[in-house]
Amino acid sequence: MSTSEQPREQQTGAELRPEPSAHVAQAAAGDPGHLDLAAVSPTSPVGRLAATVDRLRREVRTAQAEAEGRALVELAKGILVERLRCGPAQAARQLAELAEQAGVTPLEFAVEVINQAARDRVSEVADAFLAAAAGAPERDATAVRLRAAESGALAADDTQAVADSLLEHALRPLGAVAVAVWAAGADGSLTLAGSAGFSPAEATRWRYVPPEVATVARRGLTERTGQWFASLAATGLPTIGRHAHPDGGRVAMPAGTGGRIHGVLEIAWPGPLEPQSPQVVRQVEALAELCAHTLETYVPRLETGHEPRVLPDTAELMDLADGLHDPALVLVPHIDGSGQLVDFRIQHVNNRFLDPAGRPRAVVSGALLLEAYPMAAGKSELFQRVERVYATGEPFRAHRMQLTALVDQVSLAAVADISISRHGNSVLLIWRIEDETARLASLLQHAQRLGRIGGFEENLLTGEITWNDQLFHLYGRAPSSMPVPLEDLPAHAHPDDAVALGRFLRTVLHQRRPSSAAFRLQRPDGVTRHIRVVAEPVLDTDGRLFVVRGAYQDISAQHWTEVALAATRDQLAHTEQQATERNRLTLQLQHAIMPPTQAPLKVSGLEVAVRYRPAETEQLVGGDWYDTVVLPSGLVLLCVGDVAGHGIEAATSMVVLRNALRGLAVTGAGPGQLLSWLNIVAHHLTGAVTATAVCALYDPGRRVLRWARAGHLPPVVVRGAEASPLPLVKGLLLGAVPEAVYEEAEVQFAPDDTLLMYTDGLIERRDRSVEESLTHLLTTARSAPKTLDQQLDRLLTYSRSDTDDDTCIVGIRVA
């Protein structure tokens, strides 16, 4: 801060302060040998000099306070002269007498008189303190501080002096230590117009803040209600004096009048700021409004020393609007009696202005914005946008904004590009309303392009033919070439389509009825396109045909899609027919070899029964098989198996394995050896067939069963009221490896014992384990009916399988 910018108290003190003695100068220089003035004898030369300096300093403070209060006292005298109809001397005596009677100083009573007469923002704040304070002294001190600050600010010749006065008279009693007054530029920038309490170096560094830079002051500019920060550390925002008081509180209050923000008042506290009472908030708002009056006339100078750009007045802005190629409105603020912004008046509209409701320009010009467009304060927030631009000076741009006008209770909507900017004390509003006709034409053009549609119109009387660009493109012709007449259409089509096009032309030109036709267009570039043409005749008032209108559409993609779809349908039908025939042959083969029922096998001392249940779905025809044969040795061959997979491959593999086992069994080999040979057969079959099987040889004379398994479920023995599976023996499934060895086991039977051999289609479920399904089978098998056939039928009836697989059951009962 320069010497000229120092507070008046410091300047006056410096002027009256005498030259210090050598001892004082030595002490001020920081000499270790300097004298302590407090310990100096008052009678010594140094003591007398120190006492003189202190006395002069007190006199300067007293004189300055009297000078600042004298303006308020003189203002109160003027009010009394006007009200009491007396002279100045009598008014001074009256003021002194009334102050003595009230028990207050003349300055405090003068402030009371001013508040009663002014009834302004300062008096409102004083009344608020009167209602909240415990006693009158607090209220009186507040009123004096505010009026003294107001007097100092109005008497100051620059914003720097205003900052000094605000800090000294109004803000230090609130605990504040520094204040900054920011001026807002039209581009959203901030300029430090004045500050107090901050170092000169800090004020120099923060002289100018570019637009869009986030600071504490900018938050106050964008938030119309002001910002109160308990601590700078919590905000993370840079600002003036941040390093001096990093944990201090800050207030950023917008300074504006009449709806326009001229700048920001920023106040700093040394420590965290506690929540303030409404009275303190209103006092800070009043001080910010006081700053706004000073900032109205503040003109910053640029870095280069040149004067800033002078903004145009309303008349110049109207001339500027008339030179624009877009519709524009010039708005001026409409202020009510209390000085508040309530609306904007449409001062001028240029000759390109288009009202959304279709009203003449003279009707709109001169009206208030909310009267002409009451819905501007609704969802579109147009009025709020204008109000913000006028307050802050930051321009606003929007693309395709919804505008609504309310005229005669009818809501009319339009879409427009909006531009709002402030020029001096006026606002320029530019809107470019979207032309609905042009927009629909553009949509139609895009629709024709996407749909590959070309339109035409042919005047049969004049011979004039009009094509659009898309139709030239469909024909493969240059836009500068001659259009093709409708009667010459067969010459540009495939010869096979001549009959259809002849019928189309007769219907349109002779029968005078709308018609359509599909044909193959042969273009000059050798490309053939599938086209659909639609035309309708237009008759004059005498019923004569004079114009034909229509359109061509390229349906090549649709045509080839239909061709491909028809071919796919034919192929699918052929495939379905093949699958049906294949399943029918598979079922015939399976039923020929494995009939669902078979005559009982007659063996002395043994009853044998079999059951076969095919899959419920024809596509799941599987490879389940069974066999019961009396061998030449007198032994009975019992076996069941299941080939992996479904279809004719599984069925043919089942036939091979079943017949191979029959042939191998006549050798007299045991069940283990039979499965080893059968594994070799399965492994060498085409397609590497795999299967599971149980093979058993029963000796009726000894009632002994020898058995082996190849990955199959174990047989179940029912003896009396008990049913249990045979102990497992080792054995891989058939076809998995080239060679395999299978274990054998023997079971001794007693009369009335029953043996059940089955495939997994009897018990397999998707939602349960094999162990759970096998337990259910044993429970069902325990309640054995009288005959073996009834028992097998019961097992099929109560089966819980849900895989729709084939099922085979072989049962033997010992007599």
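**Core and sheet of a predicted model**

Visitor: Which residues have the most contacts inside the largest nonpolar core?
Guide: The structure is a predicted model. Its largest nonpolar core has 29 residues. Those with the most contacts inside this core are Trp625, Leu637, Val643, Leu657, Leu661, Leu675 and Leu734.

Visitor: Which element gives the largest share of this core?
Guide: Two or more residues each are given by strand 19 (622–630), strand 20 (636–646), helix 21 (648–665), helix 22 (671–683), strand 21 (691–699) and strand 22 (704–710). The largest share is 7 residues, and it comes from helix 21.

Visitor: Which residues does Leu734 touch, not counting residues up to four places away in sequence?
Guide: Leu734 is listed with the residues that have the most contacts inside the core. With sequence neighbours up to four places away left out, its partners are Leu675, Leu678, Asn679, Ala682, Val689, Thr690, Ala691, Ala693, Ala710 and Tyr742.

Visitor: Against which elements do the buried residues of helix 22 pack?
Guide: The buried residues of helix 22 are Pro671, Gly672, Leu674, Leu675, Ser676, Leu678, Asn679 and Ala682. These buried residues pack against helix 21, strand 21 and strand 22.

Visitor: What distance separates the end C-alpha atoms of helix 22?
Guide: Helix 22 has 13 residues, so at 1.5 Å a residue it should span 18 Å. The distance in the model agrees with this expectation: 18 Å.

Visitor: What is the strand order of the open sheet of 5 strands?
Guide: The pairing in this sheet is antiparallel. Strand 13 (465–467) and strand 14 (515–522) are the edge strands, each pairing on one side only. On average, neighbouring strands are turned by 20° against each other, direction ignored. The order is 13-12-16-15-14.

Visitor: What angle does the direction of helix 19 make with that of strand 14?
Guide: Helix 19 (residues 498–510) packs on the sheet, where it touches strand 14, strand 15 (528–539) and strand 16 (545–554). The angle between the direction of helix 19 and that of strand 14 is about 140°.

Visitor: What percentage of the residues of the chain count as buried?
Guide: The chain contains 24 helices and 27 strands. Its accessible surface comes to about 41700 Å², with 54% belonging to carbon and sulfur atoms. Buried here means under 20% relative accessible area. Of the 815 residues, the buried share is 43%.

Definitions and conventions: Residues numbered from 1 in each chain as written. Predicted model: local features only at pLDDT ≥ 70, side-chain atom pairs only at ≥ 80, totals over all residues. Heavy atoms only, no water. Pairing = 2+ DSSP bridges. Helix = DSSP H or I, 4+ residues; strand = E, 2+ residues; numbered from the N terminus. Axes fitted to C-alpha atoms, helices over the stretch in contact; angles between N-to-C directions. Contact = heavy atoms within 4.5 Å. Core = buried A, V, L, I, M, F, W, Y, C linked by side-chain atoms within 4.5 Å. Buried < 20%, exposed > 50% of the residue type's maximum accessible area, 1.4 Å probe, protein only. Areas by Shrake-Rupley, 256 points an atom, 1.4 Å probe, with all protein chains shown as cover. Expected span 1.5 Å × (residues − 1).
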